[in-house]
Amino acid sequence: MAYDKFTKLISPAVPLPIENIDTDQIIPARFLKAVERKGFGDNLFRDWRYDKSNQPIAGFALNKPQYSGKILIAGKNFGSGSSREHAAWAIYDYGFRVVVSSFFADIFKGNALNNGLLPVVVSPEYLEKLFAAIEADPQTLFEVDLENQKFTLTTTGESVGFEINPYKKHCLLNGLDDIDYLISIKDEIEAFEKK
Amino acid sequence: MEPKTLFDKIWDAHVVKRVEGGPNVLYIDRHFIHEVTSPVAFLGLKNRGRKVLRPEQTVATPDHNVPTVNQHLSIKDELSRNQVETLKRNCEEHGIVYHGLGTEGHGVVHIIGPEMGITQPGMTIVCGDSHTSTHGAFGAIAFGIGTSEVEMVLASQCIMQPKPKKMRITVNGELGKGVTAKDIALYIISQISTSGGTGHFVEFAGSAIESLTMEGRMTLCNMSIECGARGGMIAPDETTFNYVKGRKYAPQGADWDKALAYWKTLKSDEGAVFDTEYTFDAANIEPMITYGTNPGMGMGVSQTIPTGDGLTGTDKISFEKSLQYMGYRGGEKMLGKPVDYVFVGSCTNGRIEDFRAFANFVKGRKKADNVTAWIVPGSKAVEKQIIAEGLVEILNEAGFELRQPGCSACLAMNDDKIPEGKYSVSTSNRNFEGRQGPGARTLLASPLTAAAAAVTGKITDPREFL
Ligand code: SF4
């Protein structure tokens, strides 16, 4: 699934100051019987967002009117659990383009990058500052600059750098995924087959 | 030339390209697909207006979601039926061989591949299912992939992967009476934990491994991912060649000779270096059983459940949570604990040898009244062989019924769910909370230990009966 190019983003953020958010919380297993890749955003954090009678749970961040934006900021060890790619799809489909945390589970990170969702790792201290800034003002803007690998808290101007594999960076900047890349080297693949 | 591992030899022969600052482009020889992880990949392909590049290298079968009774009827669960029908439609559209319910070639993906000779030494094999590692038993590099990667393979016959580290696990010596490949697997995971293999690809070696049949080797490689490894493999030898020879898709005539000459080069060179090595003595392995909620929580069936003394912090919390879920206490014996269900099947232990072992054990005995048993062949071919060998009469006489092939209670996506709070001795591969149904309590074991539980109605050391 091709996705939008990612260069620079300035947006408020939705805070989820919870640790070890696993893929079963992000998208419960019962939604894996689908044959299409749509509507996963509706079921993002399903059991935290809605109660048993499908009424929104007012206290959950995604249901609070003061929070909005394309950035999700979450506690450490985000995305642990099963390898289901649906977790990354759900977050992207909901409208997020960036997830910020102090630690990501490996497979989730790979799945996110494969699907146009940028995982930004920051220090635990900086993460605390981000949560504090949103608490003080939910409309606080953050800037994500992929080209320069820089994340900025615009109110104070405090920036931090973040890591990303150069190949993955190239893919995100150009809105390409691995499949586009593989299709683009079809001749090399066919030459390999003839060897 | 620098000595190479078996893994290096196969991997390096499949690298199409090394991407600057990125992963390797790896060529894939065989791709298995099933109904749960492929539909979205086909949809992605369609959205890009692409065709499957090499449909003849892809094989499909529905297994995860299918009922294991009355397979001739339409599937009742609407979502499951839709997934199965979608798979069939996608295969028709793209010219992929599809082994539908009730046909000759139907079964769990990891069982039908080897059975038909599609799985061969030296190949790279992938499937959107983590237990693809099963095929490593033939000296192939085989591992599970995500849905985006399924789409990559459909579109380009390649995936992009960084090269993993290498581990060798050597098991020397002779296996004791009643000790099977499943017990070796559970023993290794109990020793190195469910994360011991993280980042690695494992080669199993040593005299105890070489003595295993192909079925046993598949069971072991199947479970290799439960120690966190990407996959497991065993160097091909006469046992492997004899198994592959003459199967439907195996090379024939001159092609066979050529393939065989290559396959014989597939072993780790003397002096090849592994990033990590473990060595175990087969004599220390007992029939195993798990007592907790991950496959690393296993022990010899005659032992006592660990107390968790010495654990601290989150380790202690999760250990206690696990025992609480199971309704067990540290220090108790597993022997004699009641059993409600017995499941024999899955890609771990759903091959003919497993049913022979089970049937021989229950022959002349009776199923315990308190036990519900699900005996589920891994494929149509296994089902037929069970019937042809007369095992089905033995099973029936002892009070067991044979079901139809599928994943069944391994992951309980169909109706074969263990009820909440019930204990299930299962020959499958995962004992996670809720894996066999919400609230189900799973005890992983070999078909022999499962048979002993099925006839006594409680956890029993199968060696008592041998
Ligand atoms: S039997 Fe179990 S482990 Fe094997 S493919 Fe089916 S669900 Fe996966």
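In the predicted model, Arg97(A) lies over the face of Tyr92(A), at a distance of 3.8 Å from the ring centre. A corresponding arrangement was found in chain B, where the charged end of Arg247(B) sits over the ring of Tyr243(B), 3.8 Å from the centre of that ring.

Contacts between aromatic rings were also examined. Over all chains, the count comes to 23 aromatic pairs. One of these is formed by Phe104(A) and Phe108(A), whose ring centres are 6.2 Å apart and whose planes meet at 15 degrees. Because planes under 30 degrees apart count as stacked, this pair is assigned to the stacked class. Both partners are buried: Phe104(A) has a relative accessible area of 4%, and the value for Phe108(A) is 3%. Elsewhere in chain A, ring pairs link Phe45(A), Trp48(A) and Phe60(A) into a cluster.

Pro65(A) is found in the loop of chain A that runs between α2 (46-49) and β3 (71-74). With a relative accessible area of 77%, Pro65(A) is exposed, because the threshold for this class is over 50%. Between Pro65(A) and Ile134(A) the sequence separation is 69 residues, while the C-alpha to C-alpha distance in space is 13 Å.

In chain B, five strands form an open sheet in the order β5-β4-β3-β6-β7, with parallel pairing. The edge strands of this sheet are β5 (97-98) and β7 (141-144), each of which pairs on one side only. Strand β6 (residues 124-127) of chain B pairs with β7(B) in the parallel sense, over four bridges. Within this pairing, Thr124(B) has Ile141(B) of β7(B) as its bridge partner.

Definitions and conventions
Residues numbered from 1 in each chain as written. Chains lettered and ligands numbered in written order. Predicted model: local features only at pLDDT ≥ 70, side-chain atom pairs only at ≥ 80, totals over all residues. Heavy atoms only, no water. Phe/Tyr/Trp six-rings, centres within 6.5 Å; stacked < 30°, edge-to-face > 60°. Buried < 20%, exposed > 50% of the residue type's maximum accessible area, 1.4 Å probe, protein only. Lys NZ or Arg CZ within 6 Å of the ring centre and 35° of its normal. Helix = DSSP H or I, 4+ residues; strand = E, 2+ residues; numbered from the N terminus. Pairing = 2+ DSSP bridges.
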